[in-house]
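Please have a look at the sequence and the model first.

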Amino acid sequence: MSLCAQWQTGACAPRLSLSRDAVRLRRELATSFLTHTSVATAWQLGLRADTPGTAFFCGYQAAMRQLDPALAADAWAAFCISESGLRSLSQMQTRFSAATSCLNGEKSHVMLAENGLDLLYVVAASDDGLLCVQVAARANGVEALTARKALPFLPDVPHTPVRFNDVQITSGYRCENAHQRLNKPFRYWEDVHVALAFSGWLLANISAEKDVSELNINDDINGNTSSNTSANANTTAGTQNLIAAAEKLAQCFAAKPQQYSLTALDALEALLACQDAMLPLLTAGARTLWQRDRILLQLATPLRAKIRTSLTG
């Protein structure tokens, strides 16, 4: 099913909320992961998200299925690599000892560490270089700390530091050379899935005051003349452009899911530009939420610029 067809059905489906009904969200995510690709899940549940925060969380969980394809459909997980003051991965203080199978250290930003998370995928230094191990969020020795300062965005997806005190690693999951195999591609995985989830949320909040049938989206995408009135012409054009850009990004990801290509990077940036163009079309409440939470996508702009340089240099 195309993203356009999914939009026409998903935009009218009941809303999902991380903060108000996490149980239902977990059930819907699990069902989608069992029946759809990670990209389709990000898009569909983004359409149904009540806030950008819920959309982000759905996109992030979809990205985690790229990091570990064996991750259970109903499991919520986070990739933990950031450390306070860390300027180079060679300075990483979190350490795994193969001799004792124990993990020690502290990660600075872990989502939902105090509520709802099941598994942590923790990157740590070891005698053999950077290694990623799987840790149960409620294992002995795992301690969620109080955040020093709340993030200025996504208040419904709180991030806190987590300390590991002689945590015994019992999972058989191990990923050596974690920077190359997980950390570098995770930027791509997260960018794609979160951008698609955010796009779904934007579409749902633009169309909330309109009948989907009024927009003639299928006609517009096929290049036919739209019969919309001038009052919703801008909305139709913006929606058309956003869906087309999302379709292009999804196609790029399907063709090359392991790492950024120049084509995929162009597609992502085109989608982000379409998102910016939708701001005037949002309802007042949605506009306020988007102006606050879209900052998340901007944080990785310098890194994507470096990626572009590496791909074109």
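Buried means under 20% relative accessible area, exposed over 50% and partly exposed in between, with a 1.4 Å probe and protein chains only. This is a predicted model, where local features need pLDDT of at least 70, side-chain atom pairs count only at pLDDT 80 or more, and totals for chains, interfaces and linings use all residues. Residues are numbered from 1 along each chain as its sequence is written, and side-chain values use heavy atoms, leaving out hydrogens and water.

The structure holds 10 aromatic pairs. Rings of Phe, Tyr and Trp (its six-membered ring) pair if their centres lie within 6.5 Å; planes under 30 degrees apart count as stacked, over 60 as edge-to-face and the rest as tilted. Two of the pairs are set out here:

| Pair | Type | Centre to centre | Between the planes |
|---|---|---|---|
| F57 and W76 | edge-to-face | 4.6 Å | 70 degrees |
| W201 and W290 | stacked | 6.2 Å | 25 degrees |

Because F57 lies in helix α4 (residues 52-67) and W76 in the loop between α4 and β1 (77-80), their pair ties together parts 19 residues apart in sequence. Helices (H or I, at least four residues) and strands (E, at least two) are DSSP runs, numbered from the N terminus. F57 is buried at 0% relative accessible area, and W76 is buried too, at 3%.

W201 belongs to helix α5 (residues 178-207) and W290 to helix α9 (residues 284-293), so this pair ties together parts 89 residues apart in sequence. Both W201 and W290 are buried.
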